Amino acid sequence: MSRKQHNFKGAEVSCCVKYFLFGFNIIFWLLGAAFLGIGLWAWAEKAMLSNISSITDLGGFDPVWLFIVVGGVMFILGFAGCIGALRENTFLLKFFSVFLGLIFFLELTAGILAFVFKDWIKDQLNFFINNNVKAYRDDIDLQNLIDFAQEYWSCCGAHGPNDWNLNIYFNCTDFNPSRESCGVPFSCCVKDPAEDVLNTQCGYDVRHQGELDQQKYIYTKGCVGQFEKWLQDNLIIVAGIFVGIALLQIFGICLAQNLVSDIRAVKANW
């Protein structure tokens with residue numbers, strides 16, 4: 001009996017590792033729940049939950065998808081890590097570490113492929129932006145995302161303002177009855193610091209003018225080129241963020257595996 005007690009005391013579950021992993025994952029879990037809640041609330045506001053078929057009707061990317069997918073993954077991983085650490089459940093801890101390892105592997109693969117196939121990625125980005133330019137008025141969240149991107153990177157369209165010809169409201173044809181014909185969204189406009197009120201009509205008819213005249217009123221550089229320039233200017237910050245995320249993932253996997261080893265060692269002495 002005394003021998004068994006001695007062996008049991010020799011193998012213990014580290015409380016520090018256990019509760020650190022629990023705390024690490026409860027933050028992860030709550031963030032996931034918040035992202036998921038925001039996504040579902042946005043869908044409810046657009047009546048998509050009551051009409052699921054409307055999800056497939058969108059011509060472009062719905063930013064709400066990003067919140068739902070990221071939130072869902074974070075929620076599931078956080079739940080598995082929390083309960084696994086608290087209840088010392090090796091199945092949930094293994095699920096947490098394997099799933100986190102898979103995400104890390106996919107991120108690493110995506111990073112390598114993005115570096116190797118830079119031109120293909122550029123073409124896909126161009127296709128993505130143009131596809132969403134077509135659907136600009138179809139979804140308010142998509143519209144806000146495009147406006148934010150054009151304002152932040154001081155750009156207009158994928159390669160220039162004429163990309164807005166792809167949109168039925170902004171195209172420059174004689175058969176377009178829209179008041180926005182041959183114009184661009186207000187987010188393409190060069191901001192006047194003296195203006196206190198946003199002029200949402202600043203892009204009307206602007207593409208009737210020559211390119212030199214357009215530069216006085218709107219951004220004439222495309223968002224693909226501006227995004228590439230932003231990446232080059234902020235390469236250290238972007239790389240630092242990705243390295244930081246990768247280290248957090250590796251740290252989480254190591255903690256989970258360490259806890260699994262402790263639990264197995266304790267069970268082996270029972």
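Let me begin with a word we'll need: buried means under 20% relative accessible area, exposed means over 50%, and partly exposed lies in between, using a 1.4 Å probe and protein chains only. What you see is a predicted model, where local features need pLDDT of at least 70, side-chain atom pairs count only at pLDDT 80 or more, and totals for chains, interfaces and linings use all residues. Residues are numbered from 1 along each chain as its sequence is written, and side-chain values use heavy atoms, with hydrogens and water left out.

Now, the cysteines. A disulfide is a covalent bond between the sulfur atoms of two cysteines. Here we call a pair of cysteine sulfur atoms a disulfide when they are within 2.5 Å. How many disulfides does the structure hold? There are 4.

Take cysteine 189 and cysteine 202, whose sulfur atoms sit 2.1 Å apart. The torsion about their S-S bond is about 105 degrees, so this disulfide is right-handed. Cysteine 189 counts as buried, because its relative accessibility is 3%, while cysteine 202, at 26%, counts as partly exposed.

Next, cysteine 156 is joined to cysteine 188, S to S 2.1 Å, and both of these cysteines are buried. Their S-S torsion is about 85 degrees, so we have a right-handed disulfide here too.

Then there is cysteine 172 with cysteine 182, with sulfur atoms 1.4 Å apart. Cysteine 172 is partly exposed at 34% relative accessibility, and cysteine 182 is buried at 3%.

Cysteine 254 is partly exposed, with a relative accessible area of 47%.
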